[in-house]
Amino acid sequence: TCVSTENCFVPISEIIAVEETELNKKQRNIGKWQKMAKLHAFIVYYVKKARNHRWRCSDVTFWCVDEHLCNQWIQALKELLEMQKSRPKQLLVYINPYGGKRQGKRIYEQKVAPLFNLASISTDVVVTEHANHAKDNLFEINIYKYDGVVCVGGDGMFSEVMHGLIGRIQKDSGIDQNNPKASLVQCNIRIGIIPAGSTDCICYSTVGISDPVTSALHIIVGDCQPLDVSSVHHNNTFLKYSVSLLGYGFYGDILKDSEKKRWMGPMRYDYSGFKTFLSHHYYEGTITYQPAKHTLGSPRDKDSCRTGCYICKKTEQQLAEQHKECGLKHEEGEEEWKVIKGKFLAINAVNMSCACPRSPKGLSPAAHLADGSADLILVRKCSRFDFLRYLVRHTNQDDQFDFPFVDVYRVKNFQFTSKLSEDNESNVMDIGKKRFGQFCRDHPACCCNIVNSSWNCDGETLDSSAIEVRVHCQLMKLFARGIEENWKDEAAYSQSSAEQLL
């Protein structure tokens with residue numbers, strides 16, 4: 001018998017835990033059973049899906065008078081859960097106590113740790129004490145005994161853990177990260193993100209919501225979402241990895257200005273954004289890129305990347321075939337480089353949609369998480385009013401690329417050189433031999449002839465303006481499943497599952 005107010009259809013993959021229990025007095029007072037001396041019961045904890053991709057831990061109690069039957073059910077369910085091999089058993093957790101509103105430690109202890117305990121996941125917890133603590137630690141410890149690494153914080157904390165993990169794997173594999181053409185070794189240790197920062201773009205773009213409980217449940221059920229990673233180099237020197245936004249011009253200037261105003265908290269982004277919009281600087285330079293001809297679709301498609309995305313699955317099959325045949329193939333020379341020169345207000349390269357609550361569709365709504373490409377968005381010099389129209393499109397359902405001054409390309413590699421370096425260097429493919437600057441437009445508010453913009457790399461400033469970028473297909477994995485398609489109600493979703501248990 002089920003003690004519940006509703007019928008439950010739950011796939012095995014979304015059961016969190018099974019526990020033996022005793023019925024309380026209220027539960028025992030049920031019809032003909034109220035006079036029975038002994039009832040045997042167990043609780044099934046499971047994922048309950050709510051609106052807007054939010055997950056919660058719910059439970060249902062089953063009871064009967066036959067102790068042997070009850071124990072058989074408990075044992076059978078636990079054996080089924082043991083067969084879910086993708087579920088983590090031991091996790092390494094890094095908590096940033098300073099990020100966002102300084103709530104990381106509290107969020108983990110109150111909302112996440114109890115769920116991990118319920119699911120019998122053992123954890124080693126490290127509270128970071130300074131910048132790059134987690135990154136440095138990942139180079140020192142035995143990472144291979146863990147089923148995953150969890151970061152509690154914002155995008156900056158995720159970036160630190162990602163750099164530590166990928167860097168450690170390359171070091172152990174004898175790969176030189178400073179070589180921009182090196183084939184990087186895939187990182188199979190999954191990363192889980194518990195959002196607790198001022199910006200949680202990566203979590204929002206891969207789960208659909210920035211919610212600690214939802215993210216914890218995705219970790220518990222063992223979800224796996226491959227993710228493309230871009231490597232950024234300057235003059236044969238490795239700078240950073242990027243998984244969301246590489247932004248030059250507008251977004252680079254916002255970050256550069258906001259870093260001076262960290263005392264303002266998250267409000268600094270609004271202030272710096274408005275200030276940068278008013279300055280309306282453009283930057284002159286050359287983009288060279290290789291089109292991503294291996295992947296299906298284009299940035300102008302209406303189909304967004306969702307759970308089970310067929311484009312990403314197709315890319316995964318291609319990647320597996322390449323590994324099987326002769327390792328990773330070097331294809332840079334096979335496809336022609338395209339060259340674009342111009343004056344740009346913004347140059348943005350995104351590996352994912354970069355969706356967030358303010359921009360639900362993101363900078364590139366049809367960008368894919370794991371197709372081995374980035375969407376390169378070029379916003380050419382235009383009027384301040386036209387640029388405002390473009391920015392407003394990020395907040396609504398209109399096509400944000402439908403402007404004559406906006407170009408978008410799906411690429412697998414690209415390079416950028418400034419106008420100044422182009423004048424001094426005839427070969428645009430040879431990057432980084434000069435010190436680069438950018439011309440700003442002749443502007444009453446500008447008291448200098450040359451202004452440097454910066455690259456915004458996942459919320460961190462890069463010192464070098466001239467860069468070489470390469471997309472590494474599915475280099476890492478997250479405890480996520482992508483954003484699920486909207487479904488009418490929970491029952492309809494559950495009945496579509498092939499594994500119905502309850």
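I took contact to mean heavy atoms within 4.5 Å. With that cut-off I looked up Thr 276, which touches Phe 250, Asp 253 and Ile 254, not counting residues up to four places away in sequence. I located Thr 276 in helix α9 (residues 267–279). Helices (DSSP H or I, at least four residues) and strands (E, at least two) are runs numbered from the N terminus. Thr 276 counts as buried because its relative accessibility is 8%.

Ground rules.
I noted that this is a predicted model, in which local features need pLDDT of at least 70 and side-chain atom pairs count only at pLDDT 80 or more, while totals for chains, interfaces and linings use all residues. Residues are numbered from 1 along each chain as its sequence is written, and side-chain values use heavy atoms, with hydrogens and water left out.

Whole chain.
I read off 13 helices and 18 strands for the protein chain. Of its 502 residues, 55% are buried. I also looked at contacts with a separation of 6 or more: residues 24 or more positions apart account for 78% of them.

Asp 375.
I found Asp 375 in strand β14 (residues 374–380). Is Asp 375 buried or exposed? Asp 375 is buried, at a relative accessible area of 2%. I then checked for polar contacts (a pair of N or O atoms within 3.5 Å; within protein, one must be able to donate a hydrogen and the other to accept it, and residues adjacent in sequence count only if both atoms are side-chain atoms). The side chain of Asp 375 makes one with the side chain of Arg 410, at 2.8 Å. Leaving out residues up to four places away in sequence, Asp 375 touches residues including Pro 299, Asn 348, Ser 364, Val 408 and Tyr 409.

Helices α4 and α5.
I fitted axes as lines to C-alpha atoms, for helices over the stretch in contact, with angles from 0 to 180 degrees between N-to-C directions. The axes of α4 (residues 133–140) and α5 (residues 155–172) come within 8 Å and cross at roughly 25°. Angles under 35 degrees count as roughly parallel, over 145 as roughly antiparallel, 65 to 115 as roughly perpendicular and the rest as oblique. The two helices, α4 and α5, are therefore roughly parallel to each other. Among the residues that meet are Leu 138 and Phe 139 in α4 and Met 157, Val 161 and Arg 168 in α5.

Helix α7.
I checked how covered α7 (residues 212–220) is, and nine of its nine residues are buried. Pro 212, His 218 and Ile 220 are among them. Just after α7, I noted a positive phi of about 80° at Gly 222.

Lys 89.
I placed Lys 89 in the loop between α2 (67–82) and β5 (90–95). Lys 89 is partly exposed, with a relative accessible area of 44%. I listed its contacts beyond four places in sequence: Glu 82, Ser 120, Ile 121, Ser 122 and Asp 147. From Lys 89 to Ile 220 I got 8.9 Å, C-alpha to C-alpha, across 131 residues in sequence.

Gln 318.
I found Gln 318 in helix α10 (residues 310–326). Gln 318 is partly exposed, at a relative accessible area of 25%.

Notes: Buried < 20%, exposed > 50% of the residue type's maximum accessible area, 1.4 Å probe, protein only.
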